[in-house]
Amino acid sequence: MDNDIDNEMPRTPPAILAPAGNRDAFLAALAAGADAVYCGLKDFSARMAAKNFSLEEMAALTRLAHDRGTRVYVTLNTLIKPDELDQCGALVDCLSRQVEPDGLILQDLAVAAIAREAGFKGELHLSTLANVTFPKALDVIRRSQQMGIRRVVLPRELSVDEIKQMAGACPDGLDLEVFVHGALCYAVSGRCYWSSYMGGKSGLRGRCVQPCRRLYTQEGRAGRYFSCQDLSIDVLVKVLLSIPKVSVWKIEGRKKGPHYVYYTVKAYQKLRDHVGDARERKDALELLARSLGRTGTHYRFLSQRPQNPVNPEIQTGSGYLIGRVKGAPEGAYVDSREPLLSGDVLRVGYEDEAWHTVIRVGRYVPKKGRLFIRQRGGGKFAGGTPVFLTDRREKELQGMIDALEALLTEVAPVTPLPPYRVNLPRSPLKTAAPLDLRVDRSPRRGPHRGGSGLWLSDDALNRADKRLFSALWWWLPPVIWPDEEELWRQRIDAATMNGGRMFVLNALWQTAFFDSRPSTLWAGPFCNIANPMAIRLAASLGFAGCIASPELGSGDYADLGRQSPLPLGIVIAGNWPLAVSRVAPESVSPGHPIMSPRGEAAWIQSYGENTWIYPNWRINLEAERKVLSRAGYTLFVTLEEPVPDHIRLKERPGLWNWKVGLP
């Protein structure tokens, strides 16, 4: 790594960016002295389970924050459906005129186009859901005038050495934001379809029901095999101070309460502002230990000592474990490991257990004191059930929140969202002949109908008939990590030198590998494109066609077909992953069935650095082919995955969200 990066210090210390999912959490961030706060509205937020804010609340809080020198960033970081573009445009217009936040955090590139149309004057930040995972991607983002991105939020999976690689490639006019604390998803951000595939609740739409946190069974052994500990870089953040392009330390937690927000902000202030001070470091670690998060992990931050964040032996329920139920089923109680204050909020059991109970403590309980508990509805707790402290309101913190709330000034009622029409791209006549495209991991033998695709790999390059390279559609993976960038450049070179011309890219930024190659590029289904404005931006990056997001409903596909400025494809059948992760769960055997609480089976398979989780039933929209053809779709993709010997595929409709739509 360049010594220049190691030795050069940033001109100003990185800002600490605090989460806020409700008014008290926002005010707690201000009380703690956060440099910036990020929060969502009632719509288009990737944390719809948080309370979030009305426009009136956001206007008043933003004014108070600005009076105190604190910046405010609004998250509009969900997938946008075709029929939501006007609504999103009206919301951005209203934010711009009546709230004036300092920036927007976005996943769907349509939001960038809408913000530009609406005259939004703040910054645009690319969410970690946009999956910017390798250094060359940053130059693509900066060069795109249509995007106008000012900051990129990096994935949580990166090590400090990989963060340095990203910083070394970061062009002028762009800076980087790094997560330092908070919940870890098992899947790579933007590459999780688990909640959507299992029950229509899309994580890309902010409605994830966290199936990775549930109890799974394999070969008679039960465990929370995909439930991660919390990320906690804690004392190691001092290394980030030497990376000049890292301008923001981000704390995750928009579903958390004010206690968590205040404690984590204060902790990272101490770690940023008092490097080398042993007393301040100790105080910071104590604050983090009492912030009511899960057990922390450094994850992959240290390249030489990576930590697997999945350990079924460690409690990963949200909150701070204070004890376990005793005296059950009659006279259930908990002997608390920590003092409990009146007003503390406890959760008995895990969030995914339907019978879990939330209790508000009514009196002070000393350390090791006994608190009797009752289950809602008259049920009875099982002995050994974990009890978590999830929120608390100390008098001192509540006093600070109350004092700040008194400073909130009334704002004029935000006027109803005015009629707004986004400038949709022109949809040309689509005259291409329909093509069936089967995509495999390895070359097939024997005759076949339609087109052939291969996931690009060393094995595929070695085994494919060189005479057919120009006819094959070469698929790039959903994620490319910094240390894989050169490897993928070499593979793409090998494919093109042997005549390869058709490529399907599964992140828009992968166009970075094709600057000087005469290739035909399609945006793949993992690009999560769901509306015509995002497709227009893809066209500006050099794409000749687009395979739509597989999460959409029938009406969305019809709207997209009418409005798309590029030829369209769809995954009409095959094996689609629940998730793509950089974590290989050590307690799970690859190729063997993993059973969900509802009896659904899945298996894991690793490709390179990534672990893919597949369900044992396939997508199957074949019955809708005529409807899709009439809507304008011309490329019909079937994804074929080798099925392990121990897995039996189940016959299910495989319609995903076709009938139910994408809420």
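Predicted model: local features only at pLDDT ≥ 70, side-chain atom pairs only at ≥ 80, totals over all residues.
Visitor: What pLDDT does the chain average?

Guide: pLDDT is the predictor's confidence in each residue, from 0 to 100. The chain averages 92, and 96% of the residues score at least 70. Over residues 1–10 the pLDDT is below 50, and this stretch has 17 contacts in the model beyond near neighbours in sequence (contact means heavy atoms within 4.5 Å).

Visitor: Why is serine 336 called buried?

Guide: Buried means under 20% relative accessible area, exposed over 50%, and partly exposed in between, using a 1.4 Å probe and protein chains only. Serine 336 has 0% relative accessibility, so it counts as buried. Serine 336 lies in the loop between β14 (333–335) and β15 (345–348), where it touches Ile322, Lys367, Lys368 and Gly369, leaving aside residues up to four places away in sequence.

Visitor: And glutamate 410, is that residue buried or exposed?

Guide: Its relative accessible area is 80%, so glutamate 410 is exposed. Glutamate 410 sits in the loop between α11 and β19 (435–440). From glutamate 410 to leucine 435 there are 25 residues in sequence and 59 Å in space, C-alpha to C-alpha.

Visitor: How do you know that helix α5 is largely enclosed by the rest of the structure?

Guide: Helices (H or I, at least four residues) and strands (E, at least two) are DSSP runs, numbered from the N terminus. In helix α5 (residues 109–117), 7 of the 9 residues are buried, so the helix is largely enclosed. Those buried residues are Leu109, Ala110, Val111, Ala112, Ala113, Ile114 and Ala115. They pack against β3 (71–76), α4 (85–99), β4 (103–106), β5 (123–126) and α14.

Visitor: Why are α9 and α11 called roughly perpendicular?

Guide: Axes are lines fitted to C-alpha atoms, for helices over the stretch in contact, and angles run from 0 to 180 degrees between N-to-C directions. Angles under 35 degrees count as roughly parallel, over 145 as roughly antiparallel, 65 to 115 as roughly perpendicular and the rest as oblique. The axes of α9 (residues 258–273) and α11 (residues 395–407) come within 11 Å and cross at roughly 95 degrees, and the two helices are therefore roughly perpendicular. Pro258, His259 and Tyr262 of α9 make the contact with Leu397, Met400 and Ile401 of α11.

Visitor: What makes a set of residues a nonpolar core, and which members touch the most others in the largest one?

Guide: A nonpolar core is a set of buried Ala, Val, Leu, Ile, Met, Phe, Trp, Tyr and Cys residues joined through side-chain atoms within 4.5 Å. The largest has 204 residues, and Phe226, Trp474 and Trp509 touch the most other members. Apart from it lies another core of 16 residues, including Val325 and Leu340.

Visitor: What is the phi of aspartate 234, and how do you know that this residue is buried?

Guide: Aspartate 234 has a positive phi of about 35 degrees although it is not a glycine. With 11% relative accessibility, aspartate 234 counts as buried. Aspartate 234 lies in the loop between β10 (230–232) and β11 (246–251).

Notes
Residues numbered from 1 in each chain as written. Heavy atoms only, no water.
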